[in-house]
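Here's a quick tour of an interface and some charged pairs. Have the sequence and the 3D view open as you read.

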Amino acid sequence: MIYSESGVLDELFFHHAPMRRAGEASSEVTLQHEITARSGGGLILPGPLMLVNCPALEQSSVWMNSCAIMHQQQIAVFAPHEKMAGVQEGSTPMRIAQTFAGEPIDLEDIVTADAIVVNCWQRKTRNSRWPSEADARQLGSYLDAIRVASGGSVPVGVGFQVGVCEQDVASAIDAGVDFISVVSDERFVSIQHVVALRKVRAACLRAGLQDFVVLATLPAVTAEEMLKLVAVGASMVSVDAMLAPYVPAITDVGPRSSGLESALLHALEPQDGPVEIAMQRVAQELGNCTERLIDRMAEIGVNSLASLTEKNLRTSSTTLSKLLGIEML
Amino acid sequence: MEEVVTIDCANLSVLEIASQVRQAQPESTVKLIGGSKVASVGGGTFSADKLIVDFPLGDFAAMLGNGTFTEINGSVGEACGCSLASGSVIIRGGAGAQLAVHARGGFVAVLGKAGDFCGQGLDGADVFVRSIVGNKAGYCMAKGTLLLGNGAGEELGARMRGGVIYVRGDVGSLSKDAKKVRLKDADTMRISLLLARVGIKSDGKDFKAYRSRMEGKS
């Protein structure tokens, strides 16, 4: 079957639990997910959602507001430590630091992070490679060095682009990663994203890791799509694609502008200007998404994300049935 | 009197060694003994003033080091001093490839030889290698000083964007991204100060200086 760009998740359906009284199950559902890092440190994922790369929400005029919204909705945030300079400690439920191949690592960034992702590609060129200081055989030592520098208890994961081969995932697991991140900058969720998640899950199961965290920076747009990705193998899904239509337009002045210019711009904006309205819509959209996730999990009959697996799925596609090992409708 | 804490690293994992090192008091000296080619040791921030390692280390030694004086009585593997933030790392043996890669500050000195890509992506630190270095020293260097005491291999300064490389002796070949410049008084002063940190007396005048061709251009 040839999938349209947005079609692959439409071929997956949740198998519903027996009917429950309205509101009965919702109170039992939890979106938190506790893992014990293989290095010994613990981590509680605040929920299945994360904000990875949204420059519009990171601009200085709205960043505090964005942090407050993410804190309220319990959404993890990928942000460097210098962005947190003016943000009150504890204002985001989880901050994830990132490093990229071929770039220096900022010690302050990783020491203050709740989790660290070592991305195996170059930020500018998107070329896949092991961190330039390490290849697969050295990856374990590289990750240990980051753990030592960050204090020993911060979970460290490895990020791959969609299209990663199983051998690389297996190497990362052998090296002792605490979690894996799968990233794509495509516009729609396609079969390759499902395949990537399955590869990671298969490698984890072969290594005997039943409960392994997989971060999926994939273009899911609705709560339903996010839950399907969780069922396929993700532990957290990015909200970037979902928020894209709602985020405020870039209003930051350039880096050479003076503080006076930005103060004037801010003073000239009406109280309920387009930026404020956009941020309200972002908060509302995230709130709706979280509620929908909880309701949907209750309808499916699962109380936690860890118990949502491909066994809760059915499909009308032979390809997906074989790929995921699930029943056909 | 300075406190000396000795840690026997035999049968300890990297994280266990790091945990014990972190427990040392400020202004103390930590001495590591009994290990062999342990990787990833000596990085991060800890209270002790000085860390002495009495055995060879593996890869990523002193990675992300911050503020400590680290002395390694042996050789180190690859990427020693990777992303070093500050502090000093003195290696009395040889070093593998990618010495001080992306190091942002501090001082790394190797009294033996170093491998390829020495000072790769250097971003502000000072690096000294007393003996021979491999090829592509100063690769993608952005800032800082690379001081090579016994010549350099091929492609010196490949993709160099900034900083300065001082070489005493022959250079296998110079990359097209680097150019030889006149040695000024400020350069000889800097060389002699860096060499004095490892106990070598020199006026620095027998070194040659190389900078990036891109320097000064937007």
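## Ground rules

This is a predicted model, where local features need pLDDT of at least 70 and side-chain atom pairs count only at pLDDT 80 or more, while totals for chains, interfaces and linings use all residues. Residues are numbered from 1 along each chain as its sequence is written, chains are lettered from A and ligands numbered from 1 in the order in which they are written, and side-chain values use heavy atoms, with hydrogens and water left out.

## Where A meets B

Chain A puts 23 residues in contact with 25 residues of chain B (heavy atoms within 4.5 Å). Together they bury about 1900 Å², 62% of it on carbon and sulfur atoms (accessible area, 1.4 Å probe, lost on being put together and summed over both parts). A:Leu107, A:Glu133 and A:Val148 supply 32% of what chain A buries against chain B, more than any other three residues.

The rule finds one salt bridge across this interface (a side-chain nitrogen of Lys or Arg within 4 Å of a carboxyl oxygen of Asp or Glu): B:Arg104 pairs with A:Asp106, with the closest N and O atoms 4.0 Å apart.

## Salt bridges elsewhere

Over all chains, the structure holds 18 salt bridges. In one of them, A:Arg126 and A:Asp185 have their closest N and O atoms 3.7 Å apart. The pair ties together parts that are 59 residues apart in sequence, because each residue lies in a separate loop. A:Asp185 is exposed at 56% relative accessible area, whereas A:Arg126 is partly exposed at 30% (buried is under 20%, exposed over 50%, partly exposed in between, with a 1.4 Å probe and protein chains only).

A:Asp144, A:Arg147 and A:Asp178 are linked in a salt-bridge network.

Note on methods. Buried area = accessible area lost by both parts, 1.4 Å probe. Helix = DSSP H or I, 4+ residues; strand = E, 2+ residues; numbered from the N terminus.
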